Amino acid sequence: MIEVQDLTKSYGSVTAVDHVSFTVNKGEILGFLGPNGAGKTTTMRILTGYMPATSGTARVAGFDVFRESMEVRRRIGYLPENPPLYPDMTVETYLDFVARIKNVPAERRPARIDDALRKTNLEDRRSELIKRLSRGYKQRVGIAQALVHDPDVIILDEPTVGLDPKQIIEVRNLIKGLAGNHTIILSTHILPEVSMTCDRVVIINKGKIAAVDTPQNLTSQLKGGQKIHIETEAPEKLLRDVLAQIPGASRVVIEPARAGSRQTVTVEAAQGNDIRSQVAAKIVEHGWPLFELHGVSLSLEDIFLELTTDDASHAQSSS
Amino acid sequence: MGSLYAIYRKEMGHYFVSPIAYIFIGLFLILTAFFFNVILSEVIKQSFQMEMQGMRFGAPSDFDVPAAVMRNFFGILSTLVLFFTPILTMSVYAEERKRGTMELLMTSPVSELEIVLGKYLASLSLFALMLLPTASYMIFMCLRSDPRPPWSMLAAGYAGVLLLGGSLLALGSFVSSLTENQLIAAVITFAASLFIWVLDIGRSTDSGGGAVLQYLSVIRHYEDFTRGVIDTSSLIYYASFIVLFVFLTVRSVDSMRWRRA
């Protein structure tokens, strides 16, 4: 449905999007994940025909976004970062206006507006002025606007920003419900959002794609070695020696725990070695109390940080 | 076409849902009514004096009261137009850009020309709507005068105001498309309008350059209309002026895609 190839956008000397390539299949939800200023909005703006790319091509439903822009625009529903609303209009007249400029034929307009209102739960607000609505409702009107012409592709730039937790869940469910009939790209800098709603994730940083995969694969692929978290009470030096002697253990980090004289220990092991039972055995062998032992799998959060920071020290100084 | 109408409707809705249109039309009518009143009484006073002088010297007076009122009134209207049009156009694009709704328009299957024309025609309609009621003063005066002045004179005068206003609205829309700041848009439009207004000062020079400047001044062509004369060269002047600035606005809106940083 969407094919992006070598897309590049530079503003003077700054390259906002740098040779980005990805594809989105019909009915899929693609998450665009990256820190602020990574090039998510720029990529979306190019896809919607809002701005031209410096080089590279992007096709939506087989149409080039630059040369056949009108065809692309007919097939796209787009929610920009700030919902493009006219405060003096009522929700219904606004949606009617959008339906008109999106070329929805007159006889289908009322049904389409009702459908968009129903999907975004705005039916009881239809005759309210947009300026009187709260932030969450405005965001929903923004989403309704992107749906009103029943587009093949829906592009949502940070759809849950500024919403309260309950509204965020509603919006996520709405987006999930739209998949299948529509192809969706959404951008976010909130990690759990991606794992909850998206089929695939594009991680983008400084204009470059850092990874493209399903949330599950990303988690397992980057798990690398195993990490074990232990809480125990033992003489530190002896504990370190004992744990380091376990075959397969690569790194032992010991920190004092919050409670009393306990320590929390993180043991890393090379991939494929499950050393949990050996760790437990060693600790019990020495008669130390074992309060906690569990394997730690890398969360999307860790993957994200791993992919988007060059090295830890650099990240700390720059952030 | 459908999109052009949609944008036109939206703009008109914006004028009339918010207090903009009412304040505009109301203020304009109060001012014009006041000036009409002053002009009418002044001209009548003047005509009495002429009549008395005529009686004293035995020559019949040929002072044409309705024509003098019209000329003066259209003169005042043009000055009011100079002040009203920058305010009318300052928000046309500036506000749209500030709100981010330009992004909606430019990612919809609407051409730049449709956006620009829809907005321009809406501002022109509001302008016509605020101008129209002032015709009632003139019609009333014409009906009361004997001999009745030709309606064509009145029509020519209003055609002149519409063309003058239309030109300044086109200029103002263009300026508004260049900035996100409404105040800057209004001030620059006013300054630019004033500038092409006073090009007329070239009138005093008889050199070729002076004649060109004189032709380029918006107000010189207007004066013909207020005398009931519709000159083809004036029509061409205003038509070219409007087309030029509508075209420039289209280019400017189009360039928003490229210059966004």
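## Strand S6 of chain A

Leu79(A) stands opposite Leu156(A), which lies in S7(A). Helices (H or I, at least four residues) and strands (E, at least two) are DSSP runs, numbered from the N terminus. The model is predicted: local features need pLDDT of at least 70, side-chain atom pairs count only at pLDDT 80 or more, and totals for chains, interfaces and linings use all residues. Residues are numbered from 1 along each chain as its sequence is written, with chains lettered from A and ligands numbered from 1 in the order in which they are written.

S6(A) and strand S7 (residues 153-157) of chain A run parallel and are joined by 4 bridges. Two strands pair if DSSP finds at least two bridges between them. S6(A) is covered on both faces: Ile76(A) and Tyr78(A) are buried on one side, Gly77(A) and Leu79(A) on the other. A residue is buried if 20 or more other C-beta atoms lie within 10 Å of its own, exposed if 12 or fewer, and partly exposed in between, with C-beta atoms placed from the backbone.

## The mixed sheet

S6 belongs to an open sheet of 6 strands in chain A, in the order S6-S7-S8-S3-S9-S10, with mixed pairing. S6 and strand S10 (208-213) of chain A are the edge strands, each pairing on one side only. On average, neighbouring strands of this sheet are turned by 15° against each other, direction ignored. Axes are lines fitted to C-alpha atoms, for helices over the stretch in contact, and angles run from 0 to 180 degrees between N-to-C directions.

S7(A) is joined by 5 bridges to strand S8 (residues 183-188) of chain A, and the two run parallel. Here Ile155(A) stands opposite Ile185(A) in S8(A). Helix H5 (residues 135-147) of chain A packs on the sheet and touches S6 and S7 of chain A; the direction of H5 makes about 165° with that of S6(A). Two residues are in contact if their C-beta atoms, placed from the backbone, lie within 7 Å.

## The antiparallel sheet

Another open sheet of chain A has 4 strands in the order S2-S1-S4-S5, with antiparallel pairing. Its edge strands are strand S2 (14-24) and strand S5 (63-64) of chain A, each of which pairs on one side only.

Strand S1 (residues 2-11) of chain A runs antiparallel to S2(A), and 7 bridges join them. Leu7(A) stands opposite Val20(A) in S2(A). Helix H1 (residues 40-47) of chain A lies across S1, S2 and strand S4 (55-60) of chain A, at about 120° to S1(A).

## Chain A as a whole

Chain A contains 12 helices and 14 strands. It has 319 residues, of which 39% count as buried. Among contacts in chain A with a separation of 6 or more, 68% are between residues 24 or more positions apart.

## Where chain A meets chain B

In the interface, 23 residues of chain A are in contact with 23 residues of chain B. Helix H2 (69-75), strand S6 (76-79) and helix H3 (91-101) of chain A each supply at least two residues of the side of chain A that touches chain B. H3(A) gives the most to that side, with 4 residues. By class, the side of chain A has 13 nonpolar, 5 polar and 5 charged residues. Ala, Val, Leu, Ile, Met, Phe, Trp, Tyr, Cys and Pro count as nonpolar, Asp, Glu, Lys and Arg as charged, and the others, Gly among them, as polar.
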